[in-house]
Each structure stands twice: as structure tokens, then as C-alpha cells.
Amino acid sequence: MMAEQGCSQITKIKEIQIKGLVSFRLTQRKFQPNYLKNIGIFDIFCGDGENTVDGESFAGSPIEIINAILETEAYKNKRIGFFASDNRESAVETLHNRLSRRTYPFKVEVMKRLADEQLDFVRKFLMNSKVNHAILVVDPNGPAVFPFEKIKALSKYSDRLDVIINISEGAINRIKGCGITKDKNWWADYETFEDIIIEFLKGYKEGFMRGAVKGDKQKWRIVTMWSWGLPKNDWKKQGLYKIRTKQDITTILNGGIPDGFKNSPIGRLLANNAGKTV
């Protein structure tokens, strides 16, 4: 079955990057002290676990996240739980059947839930204990179903919550350009795409955004916000740029590199690759 989420030439890059980001975090967290005992990973638009583009099938985010857990072996040091959810019954059923073909050395749950409902579950998980840490993956089909306010509300737990967002700059700009800014639309209060990303960053010291991917007409952007202990990451490999200000975001959207990042070792390497396929 072909997943409905973002089936384009960019999809495979996105799935691999989500796996890479989760892997980097788990590799770091598994060696940290016992006051961080439990890690919950939540994929709230999980799909059915498979994408097909131009006849090629490849793993979706829930499969790649499970692969990240298995490959890092973080479950040997920490109690890991992976919670995949989607509001489409057919996607949930297909993913459940895929995952039930084997057993895992950590908790795996697949459930039919609206994104808002699952985010309430994430909040309860974080409230339940100060040794709980969450990694939230948000990769919806489009902006209309994006749980913007709920994610903003969770920023109060930013010391224990990592957020990985995949959001289409092109779709939002196109909608706003058509004047679709009714009060019920979450983007109505924000003048630009940059303003939306800045709002995500509130409560966090900094974030990262993926640079342009050649051929991506929808301009999908992976944006990450990290809790305490920034992952020791090969940002060049992931194609991500550090963001602290609105100007940083504007620079990245225009294919450049933020000023505060240019003089870093990774920034100098990225300077030769701005705008190229990552």
C-alpha cells in the first residue's frame, strides 16, 4: 500500500534524515545518567510504514525510527517506548501488521488517534515523571492538520522534549498568498513562514533547519528543537543549519548560511554546498 504522506522525490531523503536525527539523539542519551531513565518516541502522523515513489518502495518514518532504536541499541541502557499513531484506520492496521511480524526488545505501540489526542498523551508522559524524556516527530500531509497550538503548549517541557518537524514552506506561502487566513486557520496570526518557525522556537535556546533540497518544489523543511544537551551531530551530513533569529531563517530560506554559523568549521564546509542536494 502506498503511504499518503508526502510521496515525492524528496520523501526518501526526509525519512533517512528523521532516522539520522533520532539515531544521533539516542546515541547520546543512552550514555547519560540515570536521572534520564525513560525515552518515549512519538510519531504522530506515522502513516502505514511504507512509501512508493516512481515504482520504488522504501521504509516510512515508523520503520526508520525502529531501525534507529535497534541500531543504536539504546534500549540496553534506557527504557525505550515507541508510540506510532495516525487517524486513518487503514494506515494503522497496515502498520500494525507490518510491525507484528517480529518482536522487539522495547515497547512498540500503534494506535488510531488524532494528533491532538496523541499530544495530550505526550504531555501526560512528560508530567508523569521527571526522568521521562520525549522525542516528538511531526510529519503531516499538509499544514491544515498541523497541531500548531498543541505543540506550542508542549514547549513548557522544553528541557525534556525534542521536536522534529517536517513542514512545507511552499504550501503555507501558497495558502497565505491565496488569502486563506480565516480565524480557524492556525497560520492566520503569522505574517510570514519565518514568524511561524520563530514561534516554534519559543522556550528553546536554538533550533536547526534543513537547507534547500534541489528539486523540492514544495520546499519541505525539517526543523528541530532540542532539549538540554544539544546532540553532538554531524550537521553537514544532515544538511541542517543553526537558527536563533528570524534573520537566520530568512537567510536559510534564500539559500544562504546564517552569519553566526559561517565562521564555524561546519559552516565553512556548508558554504561550498549551499543550495545543493543534501
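**Close-up views of a predicted model**

**View 1. The largest pocket and what lines it.** In this predicted model, 19 residues line the largest pocket, and Phe45, Asn87, Leu114, Ala115 and Val145 are the ones nearest its centre. The space inside comes to about 280 Å³. For the record, a pocket here is an open set of points on a 1 Å grid over the protein atoms alone, where a 1.4 Å probe fits and protein lies on both sides within 12 Å along at least five of seven lines; lining residues have an atom within 4 Å of a point. Grid points are joined across faces, edges and corners, and the volume is the space filled by probe spheres set on the points. Two helices, α4 (115–128) and α5 (148–154), each give at least two residues to the lining, with α5 making the largest contribution at three. Sorted by class, the lining has nine nonpolar, three polar and seven charged residues. In that sorting, Ala, Val, Leu, Ile, Met, Phe, Trp, Tyr, Cys and Pro are nonpolar, Asp, Glu, Lys and Arg are charged, and the others, Gly among them, are polar.

A quick word on conventions: numbering starts from 1 along each chain as its sequence is written, and side-chain values use heavy atoms, with hydrogens and water left out. Since this is a prediction, local features need pLDDT of at least 70 and side-chain atom pairs count only at pLDDT 80 or more, while totals for chains, interfaces and linings use all residues.

**View 2. The second largest pocket.** This one holds about 180 Å³ of space. Its lining is made of Ser158, Asp159, Gly203, Tyr204, Lys205, Glu206, Trp226, Ser227, Trp228, Gly229 and Leu230. By class, that gives four nonpolar, four polar and three charged residues.

View 3. Asn38 sits in strand β1 (residues 38–43); helices (H or I, at least four residues) and strands (E, at least two) are DSSP runs, numbered from the N terminus. At 15% relative accessible area, Asn38 counts as buried (buried is under 20%, exposed over 50%, partly exposed in between, with a 1.4 Å probe and protein chains only). The Asn38 side chain makes a polar contact of 2.8 Å with the side chain of Asn132. That term means a pair of N or O atoms within 3.5 Å; within protein, one must be able to donate a hydrogen and the other to accept it, and residues adjacent in sequence count only if both atoms are side-chain atoms. Setting aside residues up to four places away in sequence, Asn38 touches Arg79, Phe125, Val131, Asn132 and His133, where contact means heavy atoms within 4.5 Å. Tyr35 lies in the loop between α1 (11–29) and β1. The C-alpha atoms of Tyr35 and Asn132 are 8.6 Å apart, though 97 residues separate them along the chain. Beyond its neighbours within four places in sequence, Tyr35 is in contact with Lys130, Val131 and Trp228.

**View 4. Met209 in the largest nonpolar core.** This core has 42 residues, and Leu136, Phe146, Ile167, Ile197, Phe200 and Met209 touch the most other members. A nonpolar core is a set of buried Ala, Val, Leu, Ile, Met, Phe, Trp, Tyr and Cys residues joined through side-chain atoms within 4.5 Å. Leaving out residues up to four places away in sequence, the contacts of Met209 include Phe193, Ile197, Arg221, Ile249, Ile252 and Leu253. A second, separate core has 28 residues, among them Leu21, Ile69, Ile80 and Trp226.

View 5. Arg221 is found in strand β9 and is buried, with a relative accessible area of 3%. Among its contacts beyond four places in sequence are Ile165, Glu169, Phe193, Met209, Ile252 and Leu253. Within α9 (residues 246–253), the buried residues are Asp248, Ile249, Thr250, Ile252 and Leu253. Just past α9, Gly255 takes a positive phi of about 90 degrees.

**View 6. Two loop residues with positive phi.** Glu73 isn't a glycine, yet has a positive phi of about 55 degrees. It's in the loop between α2 (61–72) and β4 (79–86), and is partly exposed at 34% relative accessibility. Lys219, also not a glycine, has a positive phi of about 55 degrees. Lys219 is in the loop between β8 (207–210) and β9 (220–225), and is partly exposed at 41% relative accessibility.
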